Amino acid sequence: MNNKEVVIKVEKFSKSFGKQKAVNQLSFEVQSGEIFGFLGRNGAGKTTTIRSLLNIMEPDEGLLEVLGSRFNDELMQRIGYLPEERGLYTRATVMDTVMYLGRLRGLSRHEVRSRAKALLERFGLTEHQNKKIQNLSSGMQQKVQIIQAILHRPELLILDEPFRGLDPINRQLVFD
């Protein structure tokens, strides 16, 4: 008997864009402690499913639950999300960006600064903390995105294309 909690539940989910059916009757579950890889060809509906799960897009039909309910604002503090596209303020510095996003997640200034310094060190970005995002390589920007997703120590982490722009060494760093 399996006693693990279901943290993501998708039942008979469908989504269309005009006449194009992006997702058709998709169902799956992810349990607590599980690493779940969502694979498919380009255009298969992976990002559409994630966006619908997080209530960024409205599903046409089906049930989508995160941590036991339809996604809502209260769940924001419990979930870390790395979107497919970069959502960073390119004219802000790395540290200002991480501080701002950490505060949005409900962390105190002290908590954000402490966690940010540790994560910047771990991801090899300490010497870049005062650089503007726009002056970083795409791989460094991706590492900042990953930091913002894990900074608040979420219960559930949803990563869409986490290794985009990373070389093999940094892919392994992120994986570790």
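Trainee: Which residues gather in a patch of positive charge on the surface?
Mentor: Happy to start there! Residues are numbered from 1 along each chain as its sequence is written, and in this predicted model local features need pLDDT of at least 70. Patch members have over 30% relative accessible area and no salt bridge (a Lys or Arg side-chain nitrogen within 4 Å of a carboxyl oxygen of Asp or Glu), with like charges joined within 9 Å. The residues that gather here are R103, R109, R113 and K117.

Trainee: Which helix gives the largest share of the positive patch?
Mentor: Helices are DSSP runs (H or I, at least four residues) numbered from the N terminus. Three residues of the patch come from one such run, residues 109-122, and that is helix α3.

Trainee: Is R109 buried or exposed?
Mentor: R109 lies in helix α3. Buried means under 20% relative accessible area, exposed over 50% and partly exposed in between (1.4 Å probe, protein chains only). With a relative accessible area of 58%, R109 is exposed.

Trainee: And L119, buried or exposed?
Mentor: L119 lies in helix α3 too. Its relative accessible area is 13%, so L119 is buried.

Trainee: How many residues of α4 are buried?
Mentor: Good one to look at in the structure! Among the buried residues are G139, V144, I146, I147 and A149. Helix α4 is largely enclosed by the rest of the structure, because the buried ones among its 13 residues number ten.

Notes:
Predicted model: local features only at pLDDT ≥ 70, side-chain atom pairs only at ≥ 80, totals over all residues. Heavy atoms only, no water. Patch = residues over 30% accessible without salt bridge, like charges linked within 9 Å, V, L, I, M, F, W, Y side chains within 5 Å. Areas by Shrake-Rupley, 256 points an atom, 1.4 Å probe, with all protein chains shown as cover. Lys, Arg positive; Asp, Glu negative; His and termini not counted. Charge placed at Lys NZ, Arg CZ, Asp CG, Glu CD. Helix = DSSP H or I, 4+ residues; strand = E, 2+ residues; numbered from the N terminus.
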